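Biologist: I am new to this structure. Please take me through the terms used for it.

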Amino acid sequence: MRARTAVLLGLVLAAAASRLLPHPPNFTPVAAVALFGGAHFHQRWQAFAVPLGAMLLSDLVIGLHALVPVVYAAIALAVPIGMWVGRRLGPVRVVAGALAGSILFFLVTNFGVWLEGALYPRTAQGLLAAYLAAIPFFRNTVAGDLAYSVVLFGGFALLQRLLPGLRARPVGEAVAR
């Protein structure tokens with residue numbers, strides 16, 4: 001199981017590191033790493049810690065900003081969606097989870113931008129303006145989450161077919177010695 005954990009960790013770190021490469025605005029693996037972590041790490045602390053830790057490492061290079069707590073809250077909220085995806089893993093659930101993660105990220109982070117009060121007044125009109133101004137970026141968020149979800153979930157499924165030792169054992173199954 002150590003090989004499985006190492007491969008999962010490597011995939012999450014590689015996806016998070018891709019934020020350091022040139023990319024269109026918001027075309028990032030943020031929700032995808034949370035979904036993948038939630039779906040594949042069986043220990044809850046790993047499901048949260050690995051995606052958040054990977055994002056923190058890339059943010060230390062990119063730079064921290066005032067909304068980091070809001071972004072990390074959105075990532076943490078996407079992990080349970082990944083847990084739902086992982087219960088009966090399949091393409092429809094991965095796509096549904098990626099879309100749900102994108103929507104959640106959009107709602108949480110843009111609410112945070114509004115709440116910060118630097119760009120929009122803290123009124124109902126200001127909140128609406130914050131969400132409307134973010135719509136052009138949402139397309140890239142969805143595209144990035146879907147693309148990275150396909151790469152992470154599809155890539156790991158392919159690795160599991162090639163290397164059966166990476167497959168998760170059912171709970172309670174003994175290890176052959």
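Biologist: Why are α4 and α5 called roughly antiparallel to each other?

Modeller: The axes of α4 and α5 cross at roughly 160°. Angles over 145 degrees count as roughly antiparallel, under 35 as roughly parallel, 65 to 115 as roughly perpendicular and the rest as oblique. α4 and α5 are therefore roughly antiparallel. Axes are lines fitted to C-alpha atoms, for helices over the stretch in contact, with angles from 0 to 180 degrees between N-to-C directions. Helices are DSSP runs (H or I, at least four residues), numbered from the N terminus.

Biologist: What should I know about the model itself?

Modeller: This is a predicted model, where local features need pLDDT of at least 70, side-chain atom pairs count only at pLDDT 80 or more, and totals for chains, interfaces and linings use all residues. Residues are numbered from 1 along each chain as its sequence is written, and side-chain values use heavy atoms, leaving out hydrogens and water.

Biologist: Which residues make the contact of α4 with α5?

Modeller: Among them are A74, L77 and I81 of α4 and A100, L104 and V108 of α5; contact means heavy atoms within 4.5 Å.

Biologist: What makes the largest nonpolar core a core?

Modeller: A nonpolar core is a set of buried (under 20% relative accessible area, 1.4 Å probe, protein chains only) Ala, Val, Leu, Ile, Met, Phe, Trp, Tyr and Cys residues joined through side-chain atoms within 4.5 Å. The largest has 34 residues, and V12, F36, M55, I75 and F153 have the most contacts inside it. Its largest share, 10 residues, comes from α4.

Biologist: What is V12 in contact with, leaving aside its neighbours within four places in sequence?

Modeller: V12 is in contact with V33, F36, F41, V50, P51 and A54.

Methods: Buried means under 20% relative accessible area, exposed over 50%, partly exposed in between (1.4 Å probe, protein chains only). Helices (H or I, at least four residues) and strands (E, at least two) are DSSP runs, numbered from the N terminus.
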